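Please read the following report alongside the model, going from the overall fold to the individual residues.

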Amino acid sequence: MGDSYTVQISTKLINQLAREDEKRSPIKVRKPKPKTPKSTNQPQNTETQNQTPPAAIFPPLFLPVPPPAPVEALPEVESIRQVLKESEKVLEKLKVEESDMLKELNKRSKELREKEFKLPYQNPIPCMKERSDCLECYKNYANDPLKCADTVKRFADCAWKSRQSASPPSNI
């Protein structure tokens with residue numbers, strides 16, 4: 001399907017075909033009937049049936065046209081071309097500069113976002129392990145909570161120590 005063909009028609013071939021047409025005796029060529037839809041309700045137009053189609057119609061021949069001769073360039077056109085080339089170079093430089101600036105902008109915005117929206121340092125919540133041990137013990141011994149006395153005592157001691165270390169010493 002993607003094949004392409006080139007057909008060359010010379011003037012010699014055209015003249016030869018023209019002479020053959022003149023020499024031939026008129027042969028009756030079976031003319032195809034024009035296709036008309038068959039309908040009983042519409043009257044047929046006899047004018048269109050009586051018209052005869054034209055004899056074999058040949059498609060127009062396209063002869064090769066030689067490329068135009070090179071025209072001497074006007075100095076104005078050359079100067080415009082030079083300005084155009086320079087403008088294209090400047091455009092390329094601007095595109096490179098724009099991409100560099102965009103990279104720099106993204107880098108700086110990322111740094112600023114990290115500085116501005118970074119969560120401050122948060123001290124860990126003291127006694128988390130003791131608290132979770134205490135809750136686990138209460139879940140396991142829901143019917144007998146006295147078995148969790150040691151775990152609760154450790155949690156209470158840890159809480160007392162963390163309060164002491166957080167509050168400033170009082171001078172009494």
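## Fold and confidence

Residues are numbered from 1 along each chain as its sequence is written, and side-chain values use heavy atoms, with hydrogens and water left out.

The average pLDDT of the protein (the predictor's confidence in each residue, from 0 to 100) is 79, and 72% of the residues score at least 70. Among the elements, the lowest mean pLDDT, 51, belongs to helix 2 (residues 46-50), and the highest, 94, to helix 4 (residues 128-140). Where pLDDT is low, the predicted coordinates should not be read in detail.

## Surface and burial

Of the 172 residues in the protein, 4% are buried, where buried means under 20% relative accessible area, exposed over 50%, and partly exposed in between (1.4 Å probe, protein chains only). The accessible surface of the protein comes to about 18300 Å², and 58% of that surface belongs to carbon and sulfur atoms; these areas come from the Shrake-Rupley method with a 1.4 Å probe, and for residues only the protein chains shown count as cover.

## The annotated coiled-coil region

An unreviewed UniProt entry lists residues 77-115 as "coiled-coil region"; UniProt positions are given in the numbering used here, feature names are shortened, and annotations may be inferred rather than shown by experiment. In the model, the span of residues 77-115 is 100% helix and 0% strand, and its end C-alpha atoms lie 57 Å apart.

The 18 residues of helix 5 (residues 149-166) should span 26 Å at 1.5 Å a residue, and the end C-alpha atoms are 26 Å apart, which agrees; the expected span is 1.5 Å times one less than the number of residues. Within helix 5, T151, C158 and A159 are buried. They cover an arc of only 100° around the axis, which puts them on the same side of helix 5; the arc is that of the directions from the helix axis to the C-beta atoms.

On the other side of helix 5, D150, K153, W160, K161 and R163 are exposed. What covers the buried residues of helix 5 includes helix 4.

T151, in helix 5, is buried with a relative accessible area of 12%. Not counting residues up to four places away in sequence, T151 touches D133, C134 and C137, contact meaning heavy atoms within 4.5 Å. C134, placed in helix 4, is buried with a relative accessible area of 9%, and, leaving aside neighbours within four places in sequence, C134 is in contact with T151 and V152. The C-alpha atoms of C134 and C148 are separated by 7.1 Å, although these residues are 14 apart along the chain.

C127 has its place in the loop between helix 3 (75-116) and helix 4. At 9% relative accessibility C127 counts as buried, and C127 has a positive phi of about 65° although it is not a glycine.

Definitions and conventions: Predicted model: local features only at pLDDT ≥ 70, side-chain atom pairs only at ≥ 80, totals over all residues. Helix = DSSP H or I, 4+ residues; strand = E, 2+ residues; numbered from the N terminus.
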